[in-house]
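This briefing walks through one protein model, topic by topic, for a reader who is new to structures. Please keep the sequence and the three-dimensional view open while reading.

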Amino acid sequence: MDYKDEILVSEKKLRKKTIISFTVFILLLIAAVFALEKIHQQPKIADVPKPLRTVLNFNENFFSIFLSDNHLAKSYPVSEAVKNVRVNGNVGMEDDFDPSAWKLQVIRNPGDTFFVTLEEIKALPKTEIVFDFKCIEGWSQVTHWGGVKFSDFAAKYNLNAQTQMKYVGLATPNKKYYVGIDMPSIMHPQTILCYEMNDKPLPMNQGYPLRLIIPVKYGIKHLKRIGTIFFSNERPPDYWYEQGYDYYSGL
């Protein structure tokens, strides 16, 4: 076989391999489209097809194993905190809010509710934290916050029985934004009811007068402008879970 014949054979082999590869690619693409279509035809749980929600729930159960009071978000010097803090969403932050009428509503049990003023919250021991705030949109910032540990707040207001439950629910005063959080995360030593940002009162667009800062979670759980807190052994409603996101949203 001379050189030209070898080139001809090589070209034929190359064409054959190309055709086989292209055919396999098309078949895999068709199979993937078919599989996705079958998944989307499955019953949905909180706007997500059941097989995908099962995977999200498995991930939640797996990663929650590693949460403990010793699992701390990395802290930074105050000098590294940004001055211009980004706002991660504004649902529930409508302009008709009257801060002079605000009080935190805490529901111990159905029919057992009490109210707490900002001054009463500020009277508790203050905790500051500088950490890398992470948003599901893909950005993060080192930010500086001040407030009261949720665990200290719970101890002050005799919520020991409530903190034995599985979840806490929080909502804005207008109920348009709401989150559900597992009890180990809300009682984590870095979780605070926050009333300051960069040593100043929270700006209105950051949740004045009180917001949640929970460094072991993504930003979607850091509810701004807390109006109501309640406790439950069942998962409370969660805004982004209902849009198809992971309920746990942990880091």
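## Overview

One aromatic cluster is formed by Tyr 177, Tyr 178, Tyr 239, Trp 240 and Tyr 245. The model discussed here is predicted, and the values below are therefore computed from a predicted model. A search of the whole structure finds six salt bridges and zero disulfides, and the structure also holds twelve aromatic pairs.

**Aromatic rings**

- A pair of aromatic rings is described by two quantities, namely the distance of the centres and the angle of the planes.
- Among the twelve aromatic pairs of the structure is the one between Tyr 167 and Tyr 247, which is edge-to-face, with 6.1 Å from centre to centre and 85 degrees between the planes.
- Because Tyr 167 lies in strand S7 (residues 167–171) and Tyr 247 in the segment after S12, this pair ties together parts that are 80 residues apart in sequence.
- Tyr 167 is buried, with a relative accessible area of 15%, and Tyr 247 is buried as well, with a relative accessible area of 3%.
- The rings of Tyr 239 and Trp 240 have centres 5.3 Å apart and planes at 80 degrees, and the pair therefore counts as edge-to-face.

**Charged pairs**

- The side chains of Lys 126 and Glu 196 meet in a salt bridge, with 2.5 Å from N to O.
- Lys 126 lies in the loop between helix H3 (118–122) and strand S5 (127–134), while Glu 196 belongs to strand S9 (residues 192–197), so the pair ties together parts that are 70 residues apart in sequence.
- Lys 126 also meets Glu 128 in a salt bridge between their side chains, here with 3.9 Å from N to O.
- Lys 126 is partly exposed at 40% relative accessibility, and Glu 128 is partly exposed with a relative accessible area of 44%, whereas Glu 196 is buried, with a relative accessible area of 16%.
- Another salt bridge joins Asp 238 and Lys 221, whose closest N and O atoms are 2.7 Å apart.
- Asp 238 is found in the segment after strand S12 (228–232) and Lys 221 in the loop between strand S11 (211–213) and S12, so this pair ties together parts that are 17 residues apart in sequence.
- Both Asp 238 and Lys 221 are buried.
- Salt bridges that share partners join Lys 126, Glu 128 and Glu 196 into one network.

**Cysteines**

- A disulfide is a covalent bond between the sulfur atoms of two cysteines.
- How many disulfides does a search of the whole structure find? The search finds zero disulfides.
- Cys 135 is buried, with a relative accessible area of 8%, and Cys 194 is also buried, with a relative accessible area of 0%.

**Pocket and cavity**

- The largest pocket has a volume of about 210 Å³.
- Of the 15 residues that line the largest pocket, Asn 88, Gly 89, Tyr 177, Ile 220 and Trp 240 are the closest to its centre.
- The lining of the largest pocket divides into eight nonpolar, five polar and two charged residues.
- Tyr 177 and Trp 240, both named among the pocket residues, also belong to the aromatic cluster.
- A search of the whole structure finds one cavity of 30 Å³ or more, and the volume of the largest cavity is about 30 Å³.
- The residues that line the largest cavity are Val 85, Arg 86, Asn 88, Phe 133, Trp 139, Gln 141, Trp 145, Gln 206 and Arg 211, and they divide into four nonpolar, three polar and two charged.

**A contact across the sequence**

- Lys 103 is found in the loop between helix H2 (50–64) and strand S3 (104–109), and at 46% relative accessibility Lys 103 counts as partly exposed.
- Lys 103 and Pro 209 are 106 residues apart in sequence, and their C-alpha atoms are 9.3 Å apart in space.

Definitions and conventions. Residues are numbered from 1 along each chain as its sequence is written. Side-chain values use heavy atoms; hydrogens and water are left out. A disulfide is a pair of cysteine sulfur atoms within 2.5 Å. Buried means under 20% relative accessible area, exposed over 50%, partly exposed in between (1.4 Å probe, protein chains only). A salt bridge is a side-chain nitrogen of Lys or Arg within 4 Å of a carboxyl oxygen of Asp or Glu. Helices (H or I, at least four residues) and strands (E, at least two) are DSSP runs, numbered from the N terminus. On a 1 Å grid over the protein atoms alone, a cavity is a set of points where a 1.4 Å probe fits but cannot get out, and a pocket is an open set with protein on both sides within 12 Å along at least five of seven lines; lining residues have an atom within 4 Å of a point. Grid points are joined across faces, edges and corners, and a volume is the space filled by probe spheres set on the points. Ala, Val, Leu, Ile, Met, Phe, Trp, Tyr, Cys and Pro count as nonpolar, Asp, Glu, Lys and Arg as charged, and the others, Gly among them, as polar. Rings of Phe, Tyr and Trp (its six-membered ring) pair if their centres lie within 6.5 Å; planes under 30 degrees apart count as stacked, over 60 as edge-to-face and the rest as tilted.
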